Amino acid sequence: MRCRCFGSFSIFRSPKIFAEATEVSLRIRFWRSILLGLLCFFAVPVCGLAEDVVPKETRGRGSLVIIGGSERFNQHEYWDEIVELAGGPGSRIAVFPTASGEPVKKGGWVISALNKAGADAFLVPVAWKVVAKTPQEAVSDPDLVEPVREATGVFLIGGEQDKIVKALFTPEGQHTPMLEAIWEVYRKGGVIAGTSAGAAVMSRVMYRDAESVLDTMQKGVRWGKEIDRGLGFIQDDWFVDQHLLIRGRFARTLVAMQNQGFKYGIGVDENSAIIVTNEKDVRVIGYKGALVMDLSRAEHDASLGRFNLKNARLTYLDRGDRFDLKTLEVIPSQEKLDDEKLKLDPKSPDYKPELRRPLFVNDILSNTTVIDLMGTLMESVNPVATGLAFDGLAARKGPVDGFEFKFTRDNDSIAWYTELFGGDDYTIVNVRLDIRPIRINGPLYDREE
């Protein structure tokens, strides 16, 4: 038993020059596409059937690359994967800087990374500042929409996800021509990628502008305030969240899921990503991983007046792991499967956990604590672990409301680990989680002056 411890892109200096140059470039591409279309129509009649090249049964089966935020531009894995899914070298990828307060600068970073991986990426000037057109004008401009429709990939950069939704939907909640063009890329088998805010919009409901995780648990969520509609690329019964483990957002994900009736949620950690193909097949890449939250058998007691859950199920997917969104089947990475000794199965006669210390943490919402505790639970003689969430600063002065998180390893739980990545990296399947409101009897301590 191991001892564990807890390509370049040229950016115009003048926004006006940049915007004018972008418009000229896009107009050239637009008229070039019109000319080619006319030639195709008159010279080769079958080209008029371009919409039918993609069989109906395969439409809507493009790929998603959902990055949890804080991705590294020198980590080639993300960019290589996106370019490959977009069709390989030379693939046209439309980069939307809509969520960012620095659309030209941040968009340029992404374009540079994609082009170094072999893409022919271009900026789509749908943004709330710096560019020439307002978002409302840009999303209906054929000169901007058509190049997106012809692309094989789309990248939504980070920032404020509400800006993406406000730009791509009409005030009445309908798809704008630009959003239809993005969906067309996906229906034809292209890739839709997004990081941070660009990841949040992947589900049909998203977090819009929430307070801290603890405040969200205490106060709940409201439609049009903390939560709102997303773009809905992932399956309808799945909720997506990002910056998940580092910021302890798994708890707020559970709040939104329970409020909106989602059976399943998946949250991606920073500098990590999930790749979704065939609308169901998930593969994890990057530095860390993703947490799957299953509420299909969970219970909620509304009479308690505060957030609570019984029998939620958590599964942690590490880098290299695979997952099926429909069957919930987990396939650990090959590094873990290569050695049967790396399997932690409570049902096996060879399962002999050795850790004996109490499994209790004061702040379950802190950086990656939930995964550390779940991993320790799978190697402990104690099948139960407890974590708390409360306002420690307020509790120093007096009583406060909080929450108890009770993690239970049962016969449905199983795990694998490997040390090949430089530490203890776990895949953890089906740990039970119960959350109940509690009262912390402060003050917690007296400070000597």
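This is a predicted model: local features need pLDDT of at least 70, side-chain atom pairs count only at pLDDT 80 or more; totals for chains, interfaces and linings use all residues.
Some ground rules come with the model: local features need pLDDT of at least 70, side-chain atom pairs count only at pLDDT 80 or more, and totals for chains, interfaces and linings use all residues. Residues are numbered from 1 along each chain as its sequence is written, and side-chain values use heavy atoms, with hydrogens and water left out.

Let's start with helix α2 (residues 76-85) and helix α3 (residues 103-116), which pack at an angle of about 70° with their axes 8 Å apart. That makes α2 roughly perpendicular to α3 (65 to 115 degrees counts as roughly perpendicular, under 35 as roughly parallel, over 145 as roughly antiparallel and the rest as oblique). The axes are lines fitted to C-alpha atoms, for helices over the stretch in contact, and angles run from 0 to 180 degrees between N-to-C directions. Helices (H or I, at least four residues) and strands (E, at least two) are DSSP runs, numbered from the N terminus.

Who does the touching? On the α2 side the contact is made by W79, I82 and V83, and on the α3 side by V110, A113 and L114; contact here means heavy atoms within 4.5 Å. By class, the contact of α2 with α3 has 6 nonpolar residues, no polar ones and no charged ones (Ala, Val, Leu, Ile, Met, Phe, Trp, Tyr, Cys and Pro count as nonpolar, Asp, Glu, Lys and Arg as charged, and the others, Gly among them, as polar).

**Rings meeting rings**

The structure holds 12 aromatic pairs. Rings of Phe, Tyr and Trp (its six-membered ring) pair if their centres lie within 6.5 Å; planes under 30 degrees apart count as stacked, over 60 as edge-to-face and the rest as tilted. Here are two of the pairs:

| Pair | Centre to centre | Angle between planes | Type |
|---|---|---|---|
| F73 and W109 | 6.0 Å | 75° | edge-to-face |
| W183 and Y186 | 5.8 Å | 75° | edge-to-face |

F73 is partly exposed at 34% relative accessibility, and W109 is partly exposed at 39% (buried means under 20% relative accessible area, exposed over 50%, partly exposed in between, with a 1.4 Å probe and protein chains only). Ring pairs also link F73, W79, W109 and F155 into a cluster.

W183 and Y186 are 3 residues apart in helix α7 (residues 177-187), so about one helical turn separates them. W183 is buried at 15%, and Y186 is buried at 2%.

**Charges over rings**

K166 lies over the face of W128, 5.0 Å from the ring centre. Likewise, R306 lies over the face of F403, at 4.9 Å from the ring centre. A charge sits over a ring if NZ of Lys or CZ of Arg is within 6 Å of the ring centre and within 35 degrees of the ring normal.

Most residues other than glycine have a negative phi, and most peptide bonds are trans. S196 has a positive phi near 55°; S196 lies in the loop between β5 (191-195) and α8 (197-200) and is buried at 14%. N430, in strand β21, has a positive phi of about 65° and counts as buried at 19%.

Finally, a cis peptide bond joins G442 and P443, with omega about 0°. P443 lies in the segment after β21 (425-440).
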